[in-house]
Amino acid sequence: MTKRNAVLLIIKIVFIYFLINFITNSIYGLKYTNDVLLDDSITSEIVRSDGTTESYASNHFPVLKKGDVLYAKIPLDTKNKRTGSVICFSLYDCVTELTYDNHILYSAGYLNAKRGKQIGHLYAQISIPDDAWGKELILTCHAKENNALSSLTNVQLLPALDSVHYFFKHHEIDFFLFLAIMIVSAISALFLPLFRTWTPQLRQGFSLSLFCLSVSLWVLSYNGILSIMSTVSDACSKTEYFSIFFLPIPFCAFFYDLFKYKPFKKLYQYMTFFYTGIFVLATLLNTYTSIHYSALLGFYHILMGIGLVITLYIFVFTRGIYRVEYQIIRIGALLSVGLLMLRLLLFNLNRFTGLELATIESDTFTSLGCLTLIVSMFISYVIGITNHYYKIKEERHMAYTDALTGINNRAGCEQQLKQLEKEKEFALVFFDLNNLKQTNDLHGHKHGDYLIRESSRIIKSVFEPDGFCGRYGGDEFIAGISADKHSHQAASDRMEECIRKVNEKFKKHNEMPNVPVKISVSYGISISTPAKPLSAEEALRMADKKMYKAKTDYKRSL
């Protein structure tokens, strides 16, 4: 895959994602015609921890600090009345209570607040009594963390049977896509450690699986989709924070195994240790103290931003240096890091300032950034694994292949002899080229190399694929063949037939016009039978001895 193809692939992913999002939103949008958005009708009042009161005629207000109390009035217009309606909303880090006429419809977070535990992200779906229509719902939110809330958005009325749409609206593709990624990555993370040999490639695949699992869990829990898959009320919130704090670890571990350049490799090793330490520390603080994940989130976002900036710098700095797998991940990383940093900026603007700019819908870009990064990392990993496989295959081939002739070298011959020895009956022939030294002395090594190549080509054409052949030494070749199990032809008969074909082809070669040098060989044959079995070493020694006798006779005949 070329760099151009990599760019086109990433562009196609972005285009297809937006296209599917548009189609699904268009199709599923018909299901949401009964939804009523209440954001514009909400008014807010904040009682600060110092006792001062602030009133706002909208659902946006300055960020809540720890100890502040928000009172949001949500009018229920009778024109929106439907029997069996539910009101849906989501909040962060607040003890929450929804009432009307002093009747409590919903309360959440009290138990965790009492125990000093984090409340996190709450998703509420509350049935509305018939007598509540025409009145105001009072949503009371006691902020238990700093920067807990700066707006009440996406407060909706839905039919009870369609309340699950609150989580799926605009996230249908995210649900199916990231659920599939979560399942596949979880299976991979479970099975990869079971391999006996823990190679860098397996380790990198394990890191990629953990990263994909963390990202998919975060996307599903952040959008609230995971809450409908668990009966534990705060499981979605815990998963959201746990996964976001954990995911830089496998991310850095993946790049540690990706880079071969030692300074970069060392950098990502230290970053892996650093983020692991931060994760462990944050988890311990969240579990045993009143300092929770949400209180550390802003600081952690800065640390994540630093890691992303370092990654961006490295990929810009290394432009044009690395192979295709680096080009692919560079493009995906640049795009996804840009999208994710934009999302972090919008999230923190929304959380800390409440600016209208931060209310821009950005979840699509978040999912797309995560998807682009996952796909680019996966493709890079697959290409790296493929290249590694072919490199090993090539090295193995070179280790057992003669460079001049392309047939087995001495090491390759020894491997083939071990396989041949397992046969009950086999024949082995030892060839030695006649007059190679004289050819080199009289005509030069170019003609000598020609003589070796042509001899090996002819021997190979006869003995392969039913048997094997190889260059055992400078001017020495061996070839072996076993008995035919289908036709029951004896190994000795098959060898006799092969020798006849070899001699015919040598003769035909020598009769060709303008042949630089003529081929002449001496050979010896050994046969191993069930009645007289030979080891490979014994067969080779016997064939060599017979070849030496034949060569002596040839020299005497000159």
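Biologist: Hi! Where is Pro465 found?
Modeller: Pro465 sits in the loop between helix 14 (445–463) and strand 12 (468–471). Helices (H or I, at least four residues) and strands (E, at least two) are DSSP runs, numbered from the N terminus. This is a predicted model, in which local features need pLDDT of at least 70 and side-chain atom pairs count only at pLDDT 80 or more, while totals for chains, interfaces and linings use all residues. Residues are numbered from 1 along each chain as its sequence is written, and side-chain values use heavy atoms, with hydrogens and water left out.

Biologist: Thanks! Is the peptide bond from Glu464 to Pro465 cis or trans?
Modeller: That bond is cis, and its omega is near 15 degrees.

Biologist: Which residues have the most contacts inside the largest nonpolar core?
Modeller: They are Phe178, Phe245 and Phe255, in a core of 55 residues. A nonpolar core here is a set of buried Ala, Val, Leu, Ile, Met, Phe, Trp, Tyr and Cys residues joined through side-chain atoms within 4.5 Å. Buried means under 20% relative accessible area, exposed over 50%, and partly exposed in between (1.4 Å probe, protein chains only).

Biologist: And which helix gives the largest share of this core?
Modeller: Helix 5 (200–222), with nine residues. Other elements giving two or more residues include helix 4 (172–191) and helix 11 (363–400).

Biologist: What does Phe178 touch?
Modeller: Leaving out residues up to four places away in sequence, Phe178 touches Val215, Ser216, Val219, Leu220, Ser367, Cys370, Leu371 and Ile374. Contact means heavy atoms within 4.5 Å. There is also a second, separate core of 35 residues, with Ile87, Trp133, Leu139 and Ala143 among them.

Biologist: At what angle do helix 4 and helix 5 cross?
Modeller: At roughly 145 degrees, with their axes coming within 8 Å. Axes are lines fitted to C-alpha atoms, for helices over the stretch in contact, and angles run from 0 to 180 degrees between N-to-C directions. Phe178 and Leu179 of helix 4 are among the residues making the contact, and so are Val215 and Ser216 of helix 5.

Biologist: Switching to strands: in what order do the four strands of the open sheet come?
Modeller: The order is 1-10-5-8, with antiparallel pairing. Two strands pair if DSSP finds at least two bridges between them. Strand 1 (36–37) and strand 8 (121–127) are the edges, each pairing on one side only. Strand 5 (residues 85–92) and strand 10 (residues 156–159) are joined over four bridges, and Val86 is opposite Leu158 in strand 10.

Biologist: Which helix packs on the sheet?
Modeller: Helix 6 does, touching strand 5 and strand 8, and its direction makes about 155 degrees with that of strand 8.

Biologist: Last one: are Asp93 and Asn102 buried or exposed?
Modeller: Asp93 is buried, at 0% relative accessibility, whereas Asn102 is exposed, at 78%. Asp93 lies in the loop between strand 5 and strand 6 (94–100), and Asn102 in the loop between strand 6 and strand 7 (103–108). Phi is positive in Asp93, near 55 degrees, and in Asn102, near 65 degrees.
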